[in-house]
Amino acid sequence: MMDREFASFARERQQQLYRTAYLLCGNPDRAQDLVQSTLVALLRSWNKARDAEHLDAYAKKTLVRTFLLERRKLRREAEIQTLASGGWTDRAVPGPAAEAELRILILEALRSLPPKPRAMLVLRYWEDLSVEQTALILGCSEGNVKSQCSRSLDKLRALLGTPFAELVASP
Amino acid sequence: MDLHELFSTAVADLPDVPDQVPAAQRIRRRRTAVARSSAIAAACALVVGVGTLTFASPWSRHPADTDKTVSVAATPTPSIPANITEFKPGKRSAAPALSGITLQGKSLAVSYTGHVTVVNVWGSWCLPCRQEVPAFSEAYQKLSSKGVDFVGIDTRDNNTAALAYDSQFGVQYPSLRDPVETLLLAFKEIIPVDSVPSTVIVDGSGKVAATITDVTTLTQLDEQIAYALGAATP
C-alpha cells in the first residue's frame, strides 16, 4: 500500500523534480541521479512525508537538501567554480534566436554560483516560492535569503552582460 | 522576460527523465535487506560470542547464569520488519472478493469469514517465490487443521509450469490462475501489483490484518497469522 502511494506520487512529480534538479546541477545525468536519490530519501521517510502538510513542499525540500548534502560531500564545487568563472567577459552575447546558446549561458551562470545561493535562486524564481518558504527549506533566516538573492542577481547581471541586465532586473 | 522565463528557456528542450520509481524502490529494498541481514549477523555474532565466553569462563558453573546471559542476548527486538505492514483492528479494510479457476481447472470462490486466510501471490518464474514456498507448505501443514485457509494467486504464469512447481514443492493448497493480473489488480490498493511475491493475511471478519511484500519466512508468517487471530504479537 505504501509502495503504491509512493509510486503514484513519484510518477506524477518526477519530471518537475527533474527540471528543478537540472537547474541545480546543470547536467542531465547528474540531475537524473539527484532525482533518484531524492526519491530514495522520500521513500525512506515516506511515513513521515505522507503525513506532511504539503507533500510537494516536502519533496522539494528533500531534493534541495539532497543536492546540498551531495555537494558538500563531493567538495568539487571549488574546481567547477574556477573553471566556470574564466572567460566570461570574452564571450560574445548571442542574438535572441540562439536559444540553445542562451540556455547554456544561463546554466553556466547558475553554475558559477555556490550551491546554496544557487538553490535559493532556483527556489525563489523557478519554483516561485516566497522568501519565507525558501528560508524554511534551506534552514536559514529570511534576511539571509533576501541578501544572498540580491547578491546573486547582481552577479548574474554582471555575467550575462548588458543585453540581459533587464531580464534579471530585481523583481 | 523575467528570471522565471529565463529558467524556463533553460529547461525547455530537456527531454523527460526515464521513470525513476522502480530504481528507487529497488535501491530502498536492497538497503533495507542489507541493514536487516547485518543486524541479524550482528545478533548471531553476539549470541555466539557471549555463548563462547560463558562456556569458556570459570564463572559459568551455574547453569542459571548461562541461561540468563544467552536469553538476554537472544531476545528479538520488537520492531516490525520493513516488508510487513500491520493494520490495527479499527483500521482494517475489507479484503477484495477473490474467485476464479484453480490450476487444476476447478472453480473456487474464496470465503474469508470465520477463519484467517493467507493469500500468497506467486509465479513459477519468480525466483524469490521459490525461497519462501517451503515456509508456506510448512505453515499450511501445521495450521490448516486449526482452521487457517491458504490460497495462492498464480500470476503471469504458464499453467503447466505452475502445476510442476506445486508438485515439486509439495504445495497442497489451491492456487487461482491469474495469467493477465486481473485478480492481482483487485488487490492494487493493498499490495503493489509489481511486487511478487507478496502475501495478504485476512482476519476472520474478512478484513486485511497484515501485508508482507517480498520474501517471507515461517517465523514472519506465524507471527502475522497470530496477529490476525488476535493473539498478542511478540
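Modeller: A residue is called buried if 20 or more other C-beta atoms lie within 10 Å of its own, exposed if 12 or fewer, and partly exposed in between. The structure above is a predicted model.

Colleague: What makes B:D214 partly exposed?

Modeller: B:D214 has 19 other C-beta atoms within 10 Å.

Colleague: Why does A:D128 count as exposed?

Modeller: A:D128 has 9 C-beta neighbours inside 10 Å. The limit for exposed is 12 or fewer, and A:D128 therefore counts as exposed. A:D128 also has a positive phi, near 55°, though it is not a glycine. Its place is the loop between α7 and α8 of chain A.

Colleague: What covers the buried residues of α7(B)?

Modeller: The covering elements include β1, β4, α4, β7 and β8 of chain B. Among the buried residues of α7(B) are B:L221, B:I225 and B:Y227.

Colleague: Which residues of α9(A) are buried?

Modeller: They are A:V145, A:Q148, A:C149, A:S152, A:L156, A:L159 and A:L160. Because they cover an arc of only 105° around the axis, they lie on the same side of α9(A). In general, an α-helix has 3.6 residues a turn, so residues three or four places apart point the same way. On the other side of α9(A), A:G143, A:S147, A:S150 and A:D154 are exposed. The helix itself has 19 residues and reaches 27 Å from its first C-alpha to its last, close to the 27 Å expected.

Colleague: Which residues have the most contacts inside the largest nonpolar core?

Modeller: They are A:A21, A:L23 and A:A119, in a core of 45 residues. The elements that each supply at least two residues of this core include α9 of chain A and α1 of chain B. The largest share, 10 residues, comes from α1(A). Leaving aside residues up to four places away in sequence, A:A119 touches A:L24, A:V64, A:F67, A:L68 and A:L138. Another core, of 34 residues, lies apart from this one and includes B:V121, B:V171, B:V202 and B:A210.

Colleague: How many residues of chain A are in contact with chain B?

Modeller: The number is 32, and they are in contact with 28 residues of chain B. On the side of chain A that touches chain B, α1(A) gives the most, with 12 residues. That side divides into 20 nonpolar, four polar and eight charged residues.

Colleague: Which peptide bond is cis?

Modeller: The bond from B:V196 to B:P197 is cis, with omega near 5°. B:P197 lies in the loop between α6 and β7 of chain B.

Methods
Residues are numbered from 1 along each chain as its sequence is written. Chains are lettered from A and ligands numbered from 1 in the order in which they are written. This is a predicted model: local features need pLDDT of at least 70, side-chain atom pairs count only at pLDDT 80 or more; totals for chains, interfaces and linings use all residues. Two residues are in contact if their C-beta atoms, placed from the backbone, lie within 7 Å. Helices (H or I, at least four residues) and strands (E, at least two) are DSSP runs, numbered from the N terminus. Ala, Val, Leu, Ile, Met, Phe, Trp, Tyr, Cys and Pro count as nonpolar, Asp, Glu, Lys and Arg as charged, and the others, Gly among them, as polar. The expected span of a helix is 1.5 Å times one less than its number of residues. The arc is that of the directions from the helix axis to the C-beta atoms. A nonpolar core is a set of buried Ala, Val, Leu, Ile, Met, Phe, Trp, Tyr and Cys residues joined through C-beta atoms within 7 Å.
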